[in-house]
Amino acid sequence: MRYLNLEVLHAHRNSAPSTMTRWLSALPPALVIASMTMCEPSFAAVAGDREGAPFVVADHGASDAIIVVSPQAGRYERQAAEDLEKYIELMAGAALPVTRTQEAVDGALASGRPLILVGQAALAAKPELSDRLASVVKKNPYMRADGVALWRDGSRVYLAGANDESHYFAVAELLREWGVRWFMPGAFGECVPEEAQLAIGTLGLAYSPPFEIRNFWVAWLGESAGLEDFQLRNMMNTKNSVKIATHALGSYTKGLGKNPFSVPLSDPDTAEMVAHQVDALYAKGQDFSLAMEDGLYSSPFQRDNELMALRWDKYNLGPSVTDAMLELLNGVATRLRERHPDSRSKILFLGYSNMFLPPARDMDLEPALFGTLAPIDIDPIHAMDDPQSPPKQEYKAILERWTKLLGGRVTIYDYDQSMLMWRDLPNPSHQAFERDVKIYRDAGVIGFTTESRMALATTITNLYLRGRLMWNPDENVASLLEDFYARFFGPAEKPMRDYWDAIFEAWRKTIVTEHEYFVAPAIYTPELVARLGASLLAAERSVEYLRAPGRRLSRNESLYLERMRFVRLGYETLKSYMAMVEAAATRADYREAVAAGESGLRARDALSDASKSFTTTRLEKGYGFWSGEVRQYRELDALVNGEKGRLLVLLPLEWSFRRDPERSATPSALLGDPVDLTFWRAHAKDYDLNARKDYPADQWERIRTDLYVQAQGIRAADRQSFVGDIWYRTDVTLSAEQIAANPHIHFPGLFNDCELFVNGRETARRKQQALWWHNDFRFEWDASLKNWVRSGANSLALRCHNPHHMGGMFRRPFIYAPVEAKAQ
């Protein structure tokens, strides 16, 4: 961090809660704030150091100060002055005039009245402020250099930045010191304390963040209302302020292949064709993208295949396209540099961490090339230095290789969040990002452009905390969360801390490295859901007094109640979803699952009605979405309730289980011999969730069928996700009447290629695409048992070959008798 002459404020207010006392002492010195934590009326808020005579900006609704902004102010500079005016009035009831003409600026400067000068007006009135900014901002930035300076001389305050948006950041920093927060976009997420007095003590700050790019965008038709203001107020760039890599290559390679993914990448003619089309842009010094399209590349070109064969991508289960793609990009950049040696144009490209690993060869990359690294499909839960996640440690090596190859010309395209997609359950990310951001800083990356869905019931404080950490990677997240609980929930601070801390802790401690909604039961256990319900009930009781008949609510009191309703609806959504999963996956009670699912969807609809930014439901078509999951359970119910089938046997929840990663076990050990659980009965207690990775592969164990195997601790000894063969065994007794009913076995939730064995004989095979998301999202398999089972005891065995991520069953199987359709 680059600070100059910043005085530290450690003032405590009589009305401040004890948690805030701890928070103030833990904050980084430059960001210690004197304002009150809860959004309730207090005596005074002081920005800067209280020592010495403060400059009183507003006192009991009155002020003599003027906000001075240049008539030539840029868009964000002008907004900074207007927002300063707005929030001072909201906090203290004082309306400060804002200059809007040169005559008004000149009059204010000559008036002798107290002034708050913003942006260009501040730099013009105090030229040395420019020197202070210049001393902290990054020299020779790749994209842009942000920085702020806040200074007070007597009754004049100067707020300025290194560019138009930074002028706004300077004002946002002052407002933050007075206690204003923007935890989420819109009025719902805004906390504005009510103050009798606003003052500024000794103030002298100059700071520049280490990252040039700090933003996020809303994908998947998510709600974007309030997005730009939220980013500005939390020190993030707006979407138009920096150029980012977007899918573009296909528009320049039209006609070279049957589709954008089959072009001859390493053919010099391709490089020449692309270079010709972008020549004018490069000559003008404009930045442009040649980022790969969003799909899998293959090529009939021999050289491409030779280069792709150099490295196998285990994340995408295919050859890496990197070496061939870099032949093209380097070829384009070399041609353009030779033609226009003075151009400062940047050629942006996109590298997914799967299918675009670092090149297998040593390469010198052209200086015009700027990479955007996207850690798609690599554990979004854990940090790069977390021993629980070998994939994330591998990603760290990928990152370091790219930053070395590109000399730091790397932007991170990360995701917040792809987890639990479309279920709108809380999915925090700060437990990883607060550690990763320091690794990114030390690696010298340019910054971040994050893909989000907004969906605040899922992301909660993720985007706010990201903004703070991108601005200052050394921020204390625990302190930021204490601040959030107090300001956002007011009287419900303590039980809401218990509620959210329990969620954050569950995500922090999980061994799960996979993603999507299959993960939910591994995180949101019945015990956690019950604990959350108790904390929420306590929180609601703590604000019940606000609902007293005839009570006139303040703005902040009304917001406390709105926020409690937000949490309540979010909890009902979560509780119902988990009840649905338990009913379907654990008990195969599909009628109850449908009822719970519909109840959860109603709660989620109420969240959507409260604000479109709370959820994302606009793309809900198909079985991959929550509504589709409810539809699937309705269809499964028809197989057991007599409509399309009737239940014969609900198979056991727990089956015997064996790992065979190298296919080294003998067929008799897996199929013919009785299952020997002697070792399991003696030692099961020694293998908890963390230790189960060390369970002997040559011994049978027991496993549940309602959760995929990795989430139950089935991992390699080095904590990598288990890949290879996994075996399930159980016995089932059938009567002669059941056998005569044409029994079918149905697996309602099953990953991977599988073979079914009945009484030691293979009876059916099931093919699946190796990458789970390329399959039908029903993940069901139905196999006839007719002619394979016998009256009495039968042995069932299932072999699954897991190449990637989730393996095995995740919904309990059953045997049913199909009901023949009646003739019309």
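The following conversation goes through some terms used for this predicted model and the values behind them.

Trainee: What should I keep in mind about the numbering and the model?

Mentor: Residues are numbered from 1 along each chain as its sequence is written, and side-chain values use heavy atoms, with hydrogens and water left out. The model is predicted, so local features need pLDDT of at least 70 and side-chain atom pairs count only at pLDDT 80 or more, whereas totals for chains, interfaces and linings use all residues.

Trainee: Why is the contact between Asp-323 and Arg-361 called a salt bridge?

Mentor: The term requires a side-chain nitrogen of Lys or Arg within 4 Å of a carboxyl oxygen of Asp or Glu. The closest N and O atoms of Asp-323 and Arg-361 are 2.8 Å apart, so the pair meets that definition. Helices (H or I, at least four residues) and strands (E, at least two) are DSSP runs, numbered from the N terminus.

Trainee: Why does Asp-323 count as buried, and what is Arg-361 counted as?

Mentor: Buried means under 20% relative accessible area, exposed means over 50%, and partly exposed lies in between, calculated with a 1.4 Å probe on protein chains only. Asp-323 has 2% relative accessibility and therefore counts as buried, while Arg-361, at 23%, counts as partly exposed.

Trainee: How do you know that Glu-505 and Arg-508 form a salt bridge, and where do they lie?

Mentor: Their side chains meet at 2.7 Å, N to O, and both residues lie in helix H17 (residues 493-509), 3 residues apart, which is about one turn of the helix. Glu-505 is partly exposed because its relative accessible area is 30%, and Arg-508 is partly exposed because its value is 45%.

Trainee: What makes strand S23 largely enclosed by the rest of the structure?

Mentor: Of the 11 residues of S23 (residues 724-734), 9 are buried, so the strand is largely enclosed. Two strands pair if DSSP finds at least two bridges between them; S23 pairs in the antiparallel sense with S21 (residues 654-660) over 5 bridges, and with S29 (residues 792-802), also in the antiparallel sense, over 11 bridges. Ser-656 has Arg-729 in S23 as its bridge partner, and Trp-727 stands opposite Arg-799 in S29.
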